[in-house]
Amino acid sequence: MPARTVLQEADIARALTRIAHEILEANRGPESLVILGIPTRGALLAERIAARLGEITGTDFAGRTGTLDVTMHRDDLARTGTRPTHPTRIPASGIDGQTVVLVDDVLYSGRTIRAALDALTDLGRPAAVRLAVLVDRGHRQLPIRADYVGKNLPSAASEHVSILLAEVDGQDAVTIQEGSAR
Amino acid sequence: MRHLLTAALTRDEAIELLDIAEDMDQIHERDQKKLPALRGRTVVNLFFEDSTRTRSSFEIAGKWLSADVINVSGKGSSVSKGEDLRDTVTTISAMGVDGIVMRHGASGAPNVVASWIPQIVVNAGDGTHEHPTQALLDAFALRRRIHGDASRGKGLDGVRVAIAGDVLHSRVARSNALLLPALGAEVTIVGPPSMLPPGIGTWQAAHTTDFDEVVDSRPDALMMLRVQLERQTGTFVPSAGEYIGGWSLTPERFARLGGETLVMHPGPMNRGLEISSVAADAAASLVLEQVRAGVSVRMAVLYRLLAGRTDS
């Protein structure tokens with residue numbers, strides 16, 4: 001069965017703009033915000049959200065944006081082959097006392113976010129941690145929810161949701177496909 | 001890759017390890033230097049030869065990844081009571097450890113040990129044969145100094161590296177002569193005729209006995225090998241004076257390098273013998289960066305070999 005496109009380029013752009021506005025609204029301004037993307041696609045989305053935050057507020061968010069690799073903190077490391085690691089880049093301000101917005105592409109079991117919370121603990125003590133995702137497809141295995149969601153996408157566990165981003169995939173799209181292995 | 005016994009890696013394998021090491025290296029900047037990846041794993045450092053820096057570097061690497069690290073040295077153990085190597089390693093293996101990091105005076109010892117036990121084995125130096133993590137850390141330090149934050153994914157293409165000194169007794173030289181060309185570097189081996197190994201013509205490296213010619217060619221990096229007084233069984237040069245005259249990185253030769261050549265040394269240095277303090281402490285010296293890289297690279301190796309399933 002062919003993949004069905006559920007979000008196109010313009011839909012993704014609108015969703016990210018809305019998320020940026022919601023982040024600012026909930027945090028009453030840009031001060032003390034740190035945007036951390038989870039590699040690889042969460043990191044790209046974090047950069048896009050940060051660019052929008054910069055446009056909206058007229059401030060430079062590049063220095064408030066970073067990446068958080070969670071590989072070493074995953075609970076399934078010993079069950080799979082060794083996963084490649086990715087760089088963690090924390091803004092010079094650090095995360096102590098900041099409101100950290102974690103950004104990922106898909107929220108599914110919640111295990112990646114659990115690992116991210118552990119990884120953050122090793123780096124400092126944020127005042128608060130929020131979660132922004134482009135797609136929430138349900139099927140949580142842990143008590144974790146997102147604060148900012150681009151699109152709620154009810155899906156069967158057997159379905160495969162793909163996030164395509166221009167930076168690595170040549171185009172922006174979210175597709176869903178029946179029954180492919182995951 | 002199940003064990004790390006040799007530096008004869010493919011370019012892709014080497015770059016994968018160096019890239020993981022880049023990510024590991026960030027831990028040096030943290031207050032909390034502990035990652036949970038090897039929680040519940042046990043690593044034994046089994047050292048039949050004296051070592052301070054390699055053993056402590058492996059120990060720090062394992063501990064920063066949350067592994068339990070146990071040091072067993074040849075001296076003071078049942079090894080000195082005459083226990084057979086096979087009995088020693090199968091005993092440690094039977095205790096249920098996950099990995100053995102091993103240094104032994106006999107070339108090839110880690111290879112046979114890897115065939116006796118089910119655990120992963122990391123060669124931390126075997127005789128005059130190989131020292132693969134040293135070659136990896138040399139490549140890492142060199143790549144980082146050349147490419148900085150843009151190091152990930154890159155090799156050492158076109159980098160001219162000269163390795164100078166007692167090549168015959170040097171496992172560091174042998175491992176580097178395997179790894180650096182795989183990463184694209186152009187390697188030249190230089191040393192006294194009595195200290196160049198037989199068969200050097202088969203190495204993927206140029207070789208010469210004229211150190212001054214190498215100095216005047218101003219390589220991108222010059223790796224000075226330690227004169228291994230403890231490993232020499234015969235007389236290889238008539239005197240220290242002759243060695244210094246021909247093959248030491250003296251202040252005068254260091255000046256002729258022109259300041260651009262990076263100076264490397266695997267340590268511990270014999271200051272005043274193979275390397276002068278002027279060269280060892282210069283801004284172009286990579287010596288302390290090599291030591292730091294050692295922890296990052298060994299973390300990458302332990303992570304790569306032990307973090308995933310180890311039964312395949």
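With which residue does Asp169(A) form a salt bridge, and how far apart are the closest N and O atoms? In this predicted model, the partner of Asp169(A) is Arg41(A), and the closest N and O atoms of the pair are 2.8 Å apart. Over all chains, the structure holds 28 salt bridges. As a general point, side chains of opposite charge can pair when their charged atoms come close.

Chain A contains four helices and eight strands, and these elements follow one another along the sequence in the pattern β-α-β-α-β-β-α-β-β-β-α-β. The radius of gyration of chain A is 16 Å, which agrees with the value near 16 Å that a compact globule of 182 residues would have. Taken along the principal axes, the box filled by the C-alpha atoms of chain A is roughly 45 × 40 × 30 Å.

Two local backbone features of chain A may be noted. The peptide bond that joins Pro39(A) and Thr40(A) is cis, with omega at about -5°, and Thr40(A) is placed in the loop between strand 2 (33–37) and helix 2 of chain A. His139(A), a residue other than glycine, has a positive phi, near 65°; this residue lies in the loop between strand 5 (128–136) and strand 6 (148–152) of chain A.

Chain B comprises 11 helices and nine strands. Its radius of gyration is 19 Å, close to the 20 Å given by the globule rule for 312 residues, so chain B is as compact as a globular protein of that length. The C-alpha trace of chain B spans about 55 × 45 × 35 Å along its principal axes. Chain B also has a cis peptide bond, which joins Gly267(B) and Pro268(B) with omega at about -10°, and Pro268(B) is found in the loop between strand 9 (262–264) and helix 10 (277–280) of chain B.

The domain assignment divides chain B into domain 1, made up of residues 11–131 + 292–306, and domain 2, made up of residues 132–290. The C-alpha centres of the two domains of chain B are 25 Å apart, and the contact between them involves 31 residues of domain 1 and 36 residues of domain 2. About 2600 Å² is buried between the two domains of chain B, with carbon and sulfur atoms giving 55% of this area. On the side of domain 1 of chain B, Arg11(B), Glu22(B) and His131(B) supply 27% of the area buried against domain 2, more than any other three residues.

Polar and charged pairs also occur across this boundary within chain B. Five salt bridges are counted between domain 1 and domain 2 of chain B. A salt bridge of chain B joins Arg171(B) to Glu49(B), with 3.3 Å between the closest N and O atoms. Across the same interface of domain 1 and domain 2 of chain B, 23 residue pairs are in polar contact. On the side of domain 1 of chain B that touches domain 2, at least two residues are supplied by each of helix 1 (11–25), helix 2 (53–64), strand 3 (99–104), strand 4 (120–126) and helix 11 (287–306) of chain B. Helix 1 of chain B gives the largest share of that side, with 10 residues. Classified by residue type, the side of domain 1 of chain B that touches domain 2 has 10 nonpolar, nine polar and 12 charged residues.

Between the chains, 17 residues of chain A are in contact with 18 residues of chain B. The area that chain A and chain B bury between them is about 1500 Å², and 53% of it is on carbon and sulfur atoms. In chain A, the residues that lose the most area to chain B are Met72(A), Thr82(A) and Asp122(A), which together account for 41% of what that side buries. The count of salt bridges between chain A and chain B is zero, whereas six residue pairs are in polar contact between chain A and chain B. The side of chain A that touches chain B consists of five nonpolar, eight polar and four charged residues.

How values were computed: Residues are numbered from 1 along each chain as its sequence is written. Chains are lettered from A and ligands numbered from 1 in the order in which they are written. This is a predicted model: local features need pLDDT of at least 70, side-chain atom pairs count only at pLDDT 80 or more; totals for chains, interfaces and linings use all residues. Side-chain values use heavy atoms; hydrogens and water are left out. Domain bounds come from an automatic or database domain assignment. Contact means heavy atoms within 4.5 Å. Buried area is the accessible area (1.4 Å probe) that two parts lose on being put together, summed over both. A salt bridge is a side-chain nitrogen of Lys or Arg within 4 Å of a carboxyl oxygen of Asp or Glu. A polar contact is a pair of N or O atoms within 3.5 Å; within protein, one must be able to donate a hydrogen and the other to accept it, and residues adjacent in sequence count only if both atoms are side-chain atoms. Ala, Val, Leu, Ile, Met, Phe, Trp, Tyr, Cys and Pro count as nonpolar, Asp, Glu, Lys and Arg as charged, and the others, Gly among them, as polar. The radius of gyration is taken over C-alpha atoms; the globule rule is 2.2 Å times the number of residues to the power 0.38.
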